[in-house]
Every structure is written in C-alpha cells, then in structure tokens.
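Here is a short report for a reader new to this structure. Look at the sequence and the model first, then read on.

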Number of protein chains: 2
Amino acid sequence: MHVIVPKKSLAEGLTHIERIIPTRSSNPGLSLVRIELGESGLICSGSNLDIDIEATIPAEVTGIGEIALPVQVFGQIVRALPGDQVSLQFTERELAIESGSYATKLQLSELAAPRVIFPARYGGELRGSDLAAALAKVRYAVAIAEYQAVFRGVKLEFGQASPRGGTRAVASDGFRLAYYHLAEATGLTGAVVLASRSVDELIKLLGEDEVKLELTDTQLSVSTGRFRLNLKLMEGSFPDYQRVIPSQFDLHLTLDAKGLAEAVSRVALLADKTANNRVDFFINQGHLQITAEGTYGRSQETLAVVHEGPELQMALAYNAKYLVDALQPIQGKARLSLSGRTSPSVLLSLEDPGYLAMVVPLRTA
Amino acid sequence: MHVIVPKKSLAEGLTHIERIIPTRSSNPGLSLVRIELGESGLICSGSNLDIDIEATIPAEVTGIGEIALPVQVFGQIVRALPGDQVSLQFTERELAIESGSYATKLQLSELAAPRVIFPARYGGELRGSDLAAALAKVRYAVAIAEYQAVFRGVKLEFGQASPRGGTRAVASDGFRLAYYHLAEATGLTGAVVLASRSVDELIKLLGEDEVKLELTDTQLSVSTGRFRLNLKLMEGSFPDYQRVIPSQFDLHLTLDAKGLAEAVSRVALLADKTANNRVDFFINQGHLQITAEGTYGRSQETLAVVHEGPELQMALAYNAKYLVDALQPIQGKARLSLSGRTSPSVLLSLEDPGYLAMVVPLRTA
C-alpha cells in the first residue's frame with residue numbers, strides 16, 4: 001500500500017482530528033487515528049465518544065487497507081515534514097513516511113481505533129458561515145458550573161421547533177441569555193442541545209461551504225467540505241426561554257455598542273469583584289451615568305444616549321462582565337431596553353436583526 | 001497638586017513598573033508605586049527588592065509632592081482611559097483622574113512605597129540594542145534548577161574582566177554554554193552575575209538609546225531613556241568557563257543553521273523524551289545523517305554539509321533540545337566543530353563573530 005499526498009492537506013486534516021482525539025485515555029484505542037486507504041484518498045477518523053470526526057484527504061493511493069496510529073505523533077511529524085509532498089508506504093507493522101531528505105518508520109498500533117459511522121443521507125442544509133456566526137455569537141452565555149446541566153450547552157432550534165421558524169442558536173446560564181436567529185431554514189425540524197466543547201469544534205471547522213445536517217435522537221451529524229462529524233446531544237430539555245424575554249419596556253436607549261462596552265469596562269475597574277462586579281446605571285433625560293465603587297475608590301463616566309420614553313429617569317445595576325459580554329457581538333449601534341431593577345433588560349443590534357441578548361439586573365437594596 | 005500628562009507615556013511607564021512590582025506581597029508597601037511630582041514631570045518608582053525601577057514621565061505639573069498608590073489598579077485605569085490626555089488632581093486622601101468622559105477617585109495609600117536610590121554618576125556606557133542582543137542570545141542557556149546557584153544567572157564581563165576585553169554576556173547550565181562578545185567596551189571593569197528575571201526585564205526595557213551603567217559590590221545600575229534600574233547581583237562566582245571551551249577539533253562542518261535546527265527538531269519527534277531527547281549524528285565525508293529512535297519508531301534525515309578534516313567519519317549523540325536552542329541565535333551559516341563523544345562541540349556563526357555556543361555530547365555506550 002503506497003500513498004502520495006500533499007503535506008498541507010494531510011496536516012490540516014490531522015490538526016482537526018488531533019484536537020478531538022484525547023492524547024491519553026483509559027482506553028488506549030481512543031488515542032488512535034484510523035486511516036483507511038480508498039479510491040478517493042485517505043479517510044482519517046477518530047472519536048472522543050462525544051464527538052466523532054472524519055476527514056477525507058485526496059491522495060494518490062495504490063492498494064487498499066486500513067491501519068491505526070497514535071494521532072499526536074503522526075500529526076507532529078506531518079506538520080514538520082520538509083517537502084510539499086509526503087510518501088506513505090504501509091507494511092504489516094510499520095508506516096514508512098518520506099518527504100524531502102527526511103524518512104521515518106512509525107510502528108503501527110496493534111490496537112483497533114474506534115470505528116465511526118456517519119449517516120447515509122443528510123436531511124438538512126445551511127451555509128457554514130451562517131451556522132458558525134450564530135453559534136459564535138451566543139457561545140459566551142453558556143453556563144460553566146457543573147450543576148447547571150443543560151445550560152452548559154447551546155440549544156439549536158430547527159424549523160417549527162423555533163419561535164419564528166428558520167434556525168436559532170440559544171444559550172443561557174440563568175442570569176443572562178443570548179440567541180441568534182437565522183431566517184434561513186435547514187429543512188430539519190427539532191431542537192437539540194450541543195455541549196460547549198462540541199460547539200467550539202464545530203465553529204473551528206465551519207467555513208463558507210454548505211453544511212449538511214442530520215438529526216437522530218442521540219446525535220447531530222454534520223458534513224462540510226472534507227469533514228464529517230457526529231456530535232452527541234446533551235440530555236435534558238432547555239426551559240421555555242421565550243416566555244421570560246420581556247416585550248414591553250419603560251425606557252429605550254440607543255448608543256454605540258463598542259463605546260458602551262469600553263465605558264463599562266473602564267468604570268468596572270474600580271468595582272468590587274466580590275460583589276458581582278457591580279456597575280450602577282443612572283439614566284436621566286438623554287444621559288447615561290455609569291458608576292462603580294470598591295476598595296480602591298470610585299469611578300464614573302457619562303455617555304450621551306438617544307433616550308425614548310415613557311420613563312425619563314431610571315436607576316439600576318448590572319454585573320459589568322455580563323453587560324460587556326452581551327455587547328461584544330454587536331457592531332455599530334445597540335438598543336438597550338429597560339424596565340428597572342426587577343425586569344430583565346434586552347439588548348438588540350440595530351444593524352443585525354438576528355441577535356438578541358437579555359441581562360438580568362442585579363437585585364440591589 | 002495638578003498634573004496634565006499624555007496617556008501614552010504614562011501608560012508605557014507604568015507597564016514596565018507593574019511587571020516588576022509584586023501584585024501581592026507580605027509587605028503591602030511593596031505593591032505600591034511612589035509618584036513624585038517635580039519640575040521635570042512625574043517620577044514613578046517601585047521595587048521588588050531584587051530590581052528597583054524608576055520612570056520619569058514628562059508632564060505639566062503644578063505644585064510638588066509625593067504619593068503612593070497600588071500600582072496594578074492605577075496601571076489598569078490609565079491604560080483604559082478614553083482620552084489622549086490625563087488630568088491628575090491630588091488631594092490629601094485621593095487622586096482624582098479625569099480623561100474624556102471618564103472620572104475616577106482613587107484612595108491614596110496610607111503606607112509608604114519603598115524609596116529607591118540611584119547612583120549620582122554612571123561610569124560606563126554602551127548601546128542599548130547591543131547590550132539587549134548580547135543578553136537575549138545567551139539567555140536560553142541559563143540553568144533552571146534551584147540547586148544550580150550562580151548558573152541561574154547571566155554573567156556580564158566588562159573590560160579587563162573579559163578574555164578579549166570589550167563586553168561579554170555568558171550563560172551556562174553545566175551541559176551547555178553560550179557567550180556573546182561585544183568588541184565595544186563600556187568603560188567599566190568587573191564581572192557580575194544577574195538573575196535571569198533581571199535579565200528578562202532589562203531586555204524588555206532596552207532600546208536604541210545609549211545605556212549608562214554603574215557597578216557596586218551589590219548591584220548593577222542602568223539608566224536608559226526615561227528609565228533607571230538597580231539590579232541586585234547574584235552571589236557566588238562563575239567557574240572559569242574559558243578553560244573548558246576546546247580550541248582544537250577533529251572535524252568541522254559548515255551548514256545552514258535554520259536547516260539543521262529544523263532537521264534535528266523533525267527527527268527528534270521520535271526521540272525518547274525520557275532518554276535526554278537523544279539524536280544521533282553520523283558524519284561521513286560530507287554527509288550528516290541524523291537519526292532518532294523511541295517508543296513509536298525511528299526517523300532519519302541526511303544533510304549535505306561542507307566537511308573539513310582531519311577526521312573523515314564521526315559518530316556522536318546530542319540532546320536535541322540543546323542543539324536546537326544553540327542554533328536559534330545564528331542567522332545564515334553555522335560552523336559546528338567536533339572531537340567525538342568525549343569532548344564538547346562548539347557552534348559559531350559565520351556571519352556574527354560575537355556568538356559562541358558549546359554543547360556537551362551525550363555519553364553513550
């Protein structure tokens with residue numbers, strides 16, 4: 001069995017697989033990459049049990065067969081090779097790698113790599129960059145604490161399972177929520193929750209290519225470009241978040257998102273880290289005054305804002321980090337809608353109707 | 001007391017001071033920056049007992065006086081300020097900072113910041129970029145282990161204290177050694193050892209400006225641009241390294257430094273990390289064959305080299321990391337001079353006569 005393959009595409013495929021396959025595992029077979037030689041080239045695959053991944057790498061292949069190798073060593077060697085082309089020669093026990101002046105013989109593993117199976121057909125389709133943007137813009141709101149269960153994932157709603165149809169990514173940790181709504185439908189119907197680790201890998205893999213999607217009770221399967229993934233679904237159901245997003249407000253502010261995020265960050269440098277990083281907002285007829293106070297002193301900054309009623313004045317407080325996180329995905333102007341301390345505030349992007357963030361104000365005396 | 005100061009120069013000065021001043025210390029005064037208001041501007045200073053630092057920042061100052069502030073909070077605020085200019089207004093208890101739309105009041109510390117004293121005159125002078133290059137090129141060879149005492153610093157030799165006069169930086173961990181020799185003399189005579197932490201700070205501070213130097217029994221004082229530093233000397237004396245550098249060799253190789261470093265790194269991917277990362281060299285009439293063997297298999301690469309006798313063949317082994325580290329400072333061609341397994345090998349740069357590295361081969365069966 002002999003293979004000639006461009007270094008660049010082999011290295012790229014292995015890099016994505018290496019990120020997923022564990023370096024060490026109580027099951028040593030899990031740290032292996034399976035390489036199948038077929039007519040279309042090399043098919044490299046692996047799994048960490050939560051994510052299965054496969055990369056098809058076009059190559060000149062003589063012979064057929066299949067081997068298993070420790071993925072990390074193989075990946076490091078391929079990235080370091082001096083030539084543009086790589087020659088792989090398989091014998092029963094060894095893989096001989098040659099490139100330029102370099103040659104190596106890697107022992108093949110006697111263990112079997114996990115066998116991963118992908119759907120024969122995909123029922124849904126979406127632009128890769130749209131799905132990546134939707135996931136990336138809500139990722140920050142995912143819960144971190146172990147006990148927060150399903151909040152530690154991002155919910156994906158397809159078709160009729162989403163309030164306005166289309167496709168929606170939602171994340172929340174109970175104190176804040178973000179969603180990104182795509183008008184584009186996939187053809188699938190249903191809602192799933194993906195673990196944040198799976199979301200991160202998916203964002204890294206998605207490009208401009210179309211993404212094909214397929215849903216079962218236990219996994220979301222994704223096929224894009226040379227890669228196929230199965231992403232294990234999180235168990236448990238996401239609460240009805242739509243019900244807690246207010247639609248009536250007492251006051252709206254329109255202001256530059258970046259300017260507000262910078263001002264809040266600056267003022268919060270003096271906020272008390274042990275008291276929720278509290279910053280106070282006082283809105284008074286077109287002016288937003290932001291203040292904070294802590295061990296080292298106090299700080300304030302006043303921004304001119306476009307202010308719409310009915311209320312002329314309002315005082316409330318936020319965790320500065322939550323507000324800054326919620327502002328990051330917004331380019332240009334943001335609209336902040338408020339009803340005081342006891343009702344969640346909502347942030348929208350004036351330029352991008354897909355994004356909504358909700359932040360619960362701090363309950364203050 | 002009122003000060004108007006450009007944000008950029010204040011932020012830059014504080015950044016260097018913040019790196020040195022500890023965030024937390026059993027002596028809380030040590031985490032403070034002292035700010036003196038004088039005719040020439042703000043003089044900011046601090047110390048971690050091993051390094052004293054002072055930055056003079058040109059500013060419009062009304063009044064004189066001196067205060068102490070927690071340096072980290074002050075530095076964070078200054079870097080985040082929205083305006084190009086900063087107004088500082090000192091009262092007995094507070095510092096009011098204003099810039100653009102932002103205002104803060106920081107409580108002054110009731111503790112005293114350490115008072116640092118710099119020499120009235122400096123007896124030596126050198127180009128900052130030359131001193132930085134000499135230190136940076138040997139820094140890798142400094143010992144890491146606690147018990148290696150004075151080897152954990154870089155030796156600086158001035159004038160007659162250096163084998164060829166001029167100025168020399170030397171580092172060694174007992175298994176390898178590097179020196180960088182500047183023909184330029186400072187006017188000082190003597191040899192000192194600076195802790196690696198002090199060397200790192202010095203490299204970051206030095207620019208194209210002239211550096212003024214002064215030496216006492218306990219410290220090296222450095223004045224460059226707006227900064228002054230006292231660097232505490234390490235105790236103990238560096239062994240006579242010059243004696244262990246061979247001057248006669250059985251074989252010389254001339255080859256591209258970057259190409260050799262890459263080949264050694266590549267081959268070493270299969271080396272056994274628990275056996276000194278061993279790579280074997282076999283030189284045979286103009287060819288250098290590099291090989292390694294470990295748990296996963298074996299690898300080899302052959303480079304064509306310019307080979308000068310008297311020996312036509314030689315076999316020896318190195319710790320791959322030591323060889324790669326020693327090659328990094330060399331641009332272009334390197335000359336590697338060898339006398340087999342029992343004598344240190346020496347690396348020179350053909351383009352830069354200042355650099356010399358010595359690597360002890362592995363004692364192999």
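## Arginine over tyrosine

A:R168 lies over the face of A:Y179, 3.7 Å from the ring centre. In chain B, B:R168 sits over the face of B:Y179, at 3.8 Å from the ring centre. A charge counts as over a ring if NZ of Lys or CZ of Arg is within 6 Å of the ring centre and within 35 degrees of the ring normal.

## Basis of the values

This is a predicted model: local features need pLDDT of at least 70, side-chain atom pairs count only at pLDDT 80 or more, and totals for chains, interfaces and linings use all residues. Residues are numbered from 1 along each chain as its sequence is written, chains are lettered from A and ligands numbered from 1 in the order in which they are written, and side-chain values use heavy atoms, with hydrogens and water left out.

## Aromatic pairs

Over all chains, the structure holds 8 aromatic pairs. One of them joins A:F281 and A:Y318: the ring centres are 5.1 Å apart and the planes stand at 80 degrees, so the pair is edge-to-face. Rings of Phe, Tyr and Trp (its six-membered ring) pair if their centres lie within 6.5 Å; planes under 30 degrees apart are stacked, over 60 edge-to-face, and the rest tilted.

This pair links distant parts of the chain. A:F281 is in strand β19 (residues 278-284) of chain A, and A:Y318 is in strand β23 (residues 313-319), 37 residues apart. Helices (H or I, at least four residues) and strands (E, at least two) are DSSP runs, numbered from the N terminus.

A:F281 is buried, with a relative accessible area of 1%. A:Y318 is buried too, at 0%. Buried means under 20% relative accessible area, exposed over 50%, and partly exposed in between (1.4 Å probe, protein chains only).

B:S198 lies in helix α4 (residues 196-205) of chain B. B:S198 counts as buried, at 2% relative accessibility. Leaving aside neighbours within four places in sequence, B:S198 is in contact (heavy atoms within 4.5 Å) with B:I51 and B:L231.

B:E125 is in strand β10 (residues 124-127) of chain B. At 40% relative accessibility, B:E125 is partly exposed. Not counting residues up to four places away in sequence, B:E125 touches B:A185, B:T186, B:E210, B:V211 and B:K212.

## How the chains relate
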